[in-house]
Amino acid sequence: MIRIITLMALTVSFACSAYPMFQPNYGHRSVILFAPTQDKVVKQFLLDVLINECIIKNRDVVTLVITAEGHTEPKWVKDHVDLPSMYHLFGIDQKSHTTILIGKDGDEKLRWGPSTDWNKISSLIDEMPMGKSEKNTRGTPCSV
């Protein structure tokens with residue numbers, strides 16, 4: 001009996017350390033880029049994040065980069081997340097560039113390849129039920 005309880009505890013703690021998906025309604029959405037190495041796709045993604053910072057922050061999006069070689073952006077992610085479990089949890093091929101949008105409910109909303117169209121992502125978020133509600137209350141500080 002003790003072995004079963006210990007095994008269950010280890011299984012739950014291992015799964016939860018992958019990514020905090022098991023919490024209802026976290027306060028942000030996530031866009032996670034999985035890449036084989038810290039390559040030109042990663043550099044372009046990070047540049048695009050800087051360029052689109054206003055629409056990203058305005059929609060409560062946190063961006064993460066995780067590479068198969070162990071690089072993360074922000075750097076602290078690798079200290080708090082089990083990186084190999086993330087690849088397994090989302091079914092990611094470590095040799096591919098895959099980007100995932102995770103909603104505030106913890107569910108995967110969209111999956112795409114190496115290039116991110118932030119206008120498309122922001123429109124998608126704005127069309128989700130929670131996004132529609134937020135759009136009505138937040139205004140549009142990113143408009144020029």
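The following dialogue examines how terms are applied to this predicted model.

Mentor: Residues are numbered from 1 along each chain as its sequence is written, and side-chain values use heavy atoms, with hydrogens and water left out. Because the model is predicted, local features need pLDDT of at least 70 and side-chain atom pairs count only at pLDDT 80 or more, while totals for chains, interfaces and linings use all residues.

Trainee: Why is the pair of Phe 34 and Phe 90 called tilted?

Mentor: Rings of Phe, Tyr and Trp (its six-membered ring) pair if their centres lie within 6.5 Å; planes under 30 degrees apart count as stacked, over 60 as edge-to-face and the rest as tilted. By this rule there are 3 aromatic pairs. The ring centres of Phe 34 and Phe 90 are 6.0 Å apart and their planes stand at 55°, so the pair is tilted. Phe 34 lies in strand β1 (residues 29–35) and Phe 90 in helix α5 (residues 83–90), so this pair links distant parts of the chain, 56 residues apart. Here helices (H or I, at least four residues) and strands (E, at least two) are DSSP runs, numbered from the N terminus.

Trainee: How do you know whether Phe 34 is buried or exposed?

Mentor: Buried means under 20% relative accessible area, exposed over 50%, and partly exposed in between (1.4 Å probe, protein chains only). Phe 34 has 0% relative accessibility and therefore counts as buried. Phe 90, at 7%, is buried by this rule. Ring pairs also link Phe 34, Tyr 87 and Phe 90 into a cluster.

Trainee: What makes Phe 45 and Trp 118 an aromatic pair, and of which kind?

Mentor: Their rings are 6.1 Å apart centre to centre, with 45° between the planes, and the pair is tilted. Phe 45 in helix α2 (residues 40–51) and Trp 118 in helix α6 (residues 118–127) are 73 residues apart. Phe 45 is buried at 3% relative accessible area, and Trp 118 is buried at 4%.

Trainee: What makes β3 and β5 the edges of the sheet?

Mentor: The open sheet of 5 strands has the order β3-β2-β1-β4-β5, with mixed pairing. Two strands pair if DSSP finds at least two bridges between them. β3 (72–73) and β5 (108–112) each have a single partner strand, so one side of each is left without a neighbour in the sheet.

Trainee: How do you know which strands pair with β1, and in which sense?

Mentor: β1 and strand β2 (residues 61–67) run parallel and are joined by 7 bridges, with Arg 29 opposite Val 61 in β2. β1 and β4 run antiparallel and are joined by 5 bridges, with Val 31 opposite Leu 101 in β4.

Trainee: Why is β4 called largely enclosed?

Mentor: 5 of the 5 residues of β4 are buried, so the rest of the structure largely encloses β4. Thr 98, Ile 100 and Ile 102 point one way from β4, whereas Thr 99 and Leu 101 point the other way. β4 also pairs with β5 in the antiparallel sense over 4 bridges; in β5, Leu 110 is the bridge partner of Leu 101.

Trainee: What makes the buried residues of α7 line one face?

Mentor: In helix α7 (residues 129–138), the buried residues are Gly 131, Glu 134 and Arg 138. Seen down the axis of α7, these residues fall within an arc of 65° (the arc of the directions from the helix axis to the C-beta atoms), so they line one face. The face turned away from the buried side carries the exposed residues Pro 129, Asn 136 and Thr 137.
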